[in-house]
Amino acid sequence: MIGRDLLLIDDLSREEIETILETAQHMREVGEREVKKVPTLRGRTLVNLFFEPSTRTLTSFEIAGKRLSADVVNFSPKSSSLSKQESILDTARTIDAMDPDAVVVRHRVAGVPKRIADVLDVPVINAGDGAHAHPTQALLDLFTVQNEKGRIDGLSVAIVGDIAHSRVARSNIAGFQKMGAEVRVAAPPTMIPAQVETLGVKAYTSVREALEGADVVMMLRIQLERLEGALFPSVREYSATFGLDREKLRYARDDAIVMHPGPVNRGVELSHDLADRRPSVILDQVRNGVALRMAVLYLISGRRRPEGSDVRAAKGD
Amino acid sequence: MLDPSAGRDGPADVLIEFGRIAAVEAGLEAGDAEAIDVSGQWVTPAFVDLHVHLREPGHEYKEDIASGGRSAVAGGFGTMACMANTEPVNDDPSVTDFILDRARQDSPARVHPIAAATKGLAGKVMTEMVSLVEAGAVAFSDDGKTIMDTGVARRVMEYSRMVDAPVIVHAEDRTLVGAGVVNEGAVATRLGLPGNPGLAEAVHVSRDIQLAELTGAHVHIAHVSTAAAVGMVRAARERGLHVTAEVTPHHLTLTDEATLGFDTNTKMAPPLRGRSDLEACRAGLADGTLDAVATDHAPHAMHEKDVDFREAPNGIIGL
């Protein structure tokens, strides 16, 4: 994995995912120490190039890099409503010219991390591009489930929410299936993408049916501002039909866990009492996120390049 | 005795006990029961009218649920589905509840409310279909208006799949109707009144049939009036699409020639059409393309119709 981009979880083999999860397990321990530091990435430069604002993911990557002793720089260009390809790539080339060891990119339009990766020689990690992909989120979700359940193979995972617009849904569908789980999605018909069955999932418009026998219930955030009225009539009806509360949760297995990528719209996709306590593992997801990103940063930019070699030939190992 | 659902079409007797039908058979003995001789007449189950405007809440001066119900049973209708263009619009469970409550108290005919497809019939935001069905709505329609934004129509139909309820379309491209008050054609030309072309209906019927195919929704075309629309519904059915349609009694019996005296009672939406449209509607009813006759009962106060042809509101009574 050294020197490779991480743009899509689909690009990782099952073995590579297992390596990442194992490494994350070791990294978790670092966060439990009093001195939360290992020298692994000392002297490395990591740039977080976030075109789309984010607090959780940005902070998570920043803390992950710092715990590995890397020099972390956050660069959030002011986004204009007309995103000109030229200026994105020029920005990326400018950063590249400062010789970072890895660049983490987030953008609200699908495909930008790939375009940047095509142009840059340093590894690019996708921190979320539009509705397309969010590989590190899926990896930390896999890590969380593995810690909770001891395995991923054979589990039933139900993802509920705006599937059509969710990069978290797409990456989790791919990731969980790769690791042997069965995935279903539930949403109002207006939020199920066209021909979703080509992703290998069964789609439900009844959350009760989707939860039948589920081991993992993953709730997605609804973007109220963008969607109310256009894709569903009201928050009231959405939360009554698709919001998770203890009553609906009874349709899942008794030992089912509840996940959410955050931030949670309390009372909308998750009731207040479910948001804060077991079986919800939302804060564990956040804690695991730091460990997981440490693992990814370490595995991708961890090994020193051979002395005297051409810097530009470092890609691909 | 004509009862298609029981496969009955022939002479028979009916026994009624304590206000309920106890038996339907040929050759029943009357015994000491009161015998009513209806030989030579038709006896059928009570009619169902899929499309009425009961005007309550809000316009009770035109009609209310009680008078609508009484008219209905006087004409042999035992059940009616009422449209949502009341005031307030039936786009909220509280209005659906009100209508059902009124009907329970005052109407001798059963009432099934059709809720609005978009809030306020404004054609922008879909209604809370799940709560409306829970309150008793049987279908969704913006009838009275049309959803002009095709993207909104699509989302409305997609969302309706969740509650498995039909979306009833009033197919009329308002931008083609313009100021039209009479079917565009020879009669309008003679009368000097602005015409409403049959294409206004055809364009939306075509659109909504294709949306039905894309979304898998059950689309029901209200008051079909043109040959073009009948043809499209027939083709859609041949392709196995879930499209149904209804036609009014007036579109089966009157053409735009009825408007020649400027009688405002002949003004309705969609307008009375030409002879070939009428023939096509009859053929469509006969071959099953048009699934039902629905009156589109649209009452107005007398003084409202006593104005000039342009001013008069659209509507003819049916019950």
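**View 1. The two domains of chain A and the surface between them.** In this predicted model, chain A is divided into domain 1, which takes in residues 9-133 + 286-310, and domain 2, which covers residues 135-282. Taken over C-alpha atoms, the centres of domain 1 of chain A and domain 2 of chain A are separated by 26 Å. Where these two domains touch, 22 residues of domain 1 of chain A are in contact with 19 residues of domain 2 of chain A. On the domain 1 side of chain A, the elements that each give two or more residues to this surface are α1, β4 (124-129) and α12 of chain A, and the largest share, six residues, comes from α12(A). Sorted by class, that side of domain 1 of chain A has eleven nonpolar, six polar and five charged residues.

**View 2. The packing of helices α1 and α12 in chain A.** Two packed helices are described by the angle between their axes and the distance between the axes. Here helix α1 (residues 14-30) of chain A packs against helix α12 (residues 282-301) of chain A at an angle of about 120°, and the two axes lie 7 Å apart. The crossing of α1(A) and α12(A) is right-handed. From α1(A) the contact is made by A:Ile20, A:Thr23, A:Ala24, A:Met27, A:Arg28 and A:Val30, and from α12(A) by A:Ala291, A:Leu292, A:Met294, A:Ala295, A:Val296, A:Tyr298 and A:Leu299. By class, this contact of α1(A) with α12(A) has eleven nonpolar residues, one polar residue and one charged residue.

**View 3. Two cis peptide bonds in loops of chain A.** Most residues other than glycine have a negative phi, and most peptide bonds are trans. The peptide bond from A:Gly262 to A:Pro263, however, is cis, with omega near -10°, and A:Pro263 has its place in the loop between β9 (257-259) and α11 (272-276) of chain A. A further cis peptide bond runs from A:Arg278 to A:Pro279, with omega near 10°, and A:Pro279 is placed in the loop between α11 and α12 of chain A.

View 4. Between the two chains, 13 residues of chain A are in contact with 13 residues of chain B. On the side of chain A that touches chain B, the residues divide into six nonpolar, five polar and two charged. B:Ser131 has its place in helix α3 (residues 129-135) of chain B, and, when its neighbours within four places in sequence are left aside, B:Ser131 is in contact with A:Glu237 and B:Pro93. B:Ser131 is buried, because 21 other C-beta atoms lie within 10 Å, where 20 or more are needed. The C-alpha atoms of B:Ser131 and B:Val163, although 32 residues apart along the chain, are separated by 9.7 Å.

**View 5. Two residues of chain B with positive phi.** Phi of B:Arg55 is near 65°, a positive value in a residue other than glycine, and B:Arg55 has its place in the loop between β5 (47-52) and α1 (65-74) of chain B. With 25 C-beta neighbours inside 10 Å, B:Arg55 counts as buried. Phi of B:Leu121 is near 60°, again a positive value in a residue other than glycine, and B:Leu121 is found in the loop between β7 (110-115) and α3 of chain B. B:Leu121 is also buried, with 22 other C-beta atoms within 10 Å.

View 6. The domain assignment of chain B gives domain 1 (1-45) and domain 2 (46-305), and the C-alpha centres of domain 1 of chain B and domain 2 of chain B lie 34 Å apart. B:Gly288 is placed in the loop between α10 (275-286) and β14 (292-293) of chain B. Because 9 C-beta neighbours lie inside 10 Å, B:Gly288 counts as exposed, the limit for that class being 12 or fewer. The C-alpha atoms of B:Gly288 and B:Arg237, which are 51 residues apart along the chain, are separated by 9.9 Å.

Definitions and conventions: Residues are numbered from 1 along each chain as its sequence is written. Chains are lettered from A and ligands numbered from 1 in the order in which they are written. This is a predicted model: local features need pLDDT of at least 70, side-chain atom pairs count only at pLDDT 80 or more; totals for chains, interfaces and linings use all residues. Domain bounds come from an automatic or database domain assignment. Two residues are in contact if their C-beta atoms, placed from the backbone, lie within 7 Å. Ala, Val, Leu, Ile, Met, Phe, Trp, Tyr, Cys and Pro count as nonpolar, Asp, Glu, Lys and Arg as charged, and the others, Gly among them, as polar. Axes are lines fitted to C-alpha atoms, for helices over the stretch in contact, and angles run from 0 to 180 degrees between N-to-C directions. Helices (H or I, at least four residues) and strands (E, at least two) are DSSP runs, numbered from the N terminus. A crossing is left-handed if the near helix is turned anticlockwise from the far one by less than a right angle, and right-handed if clockwise.
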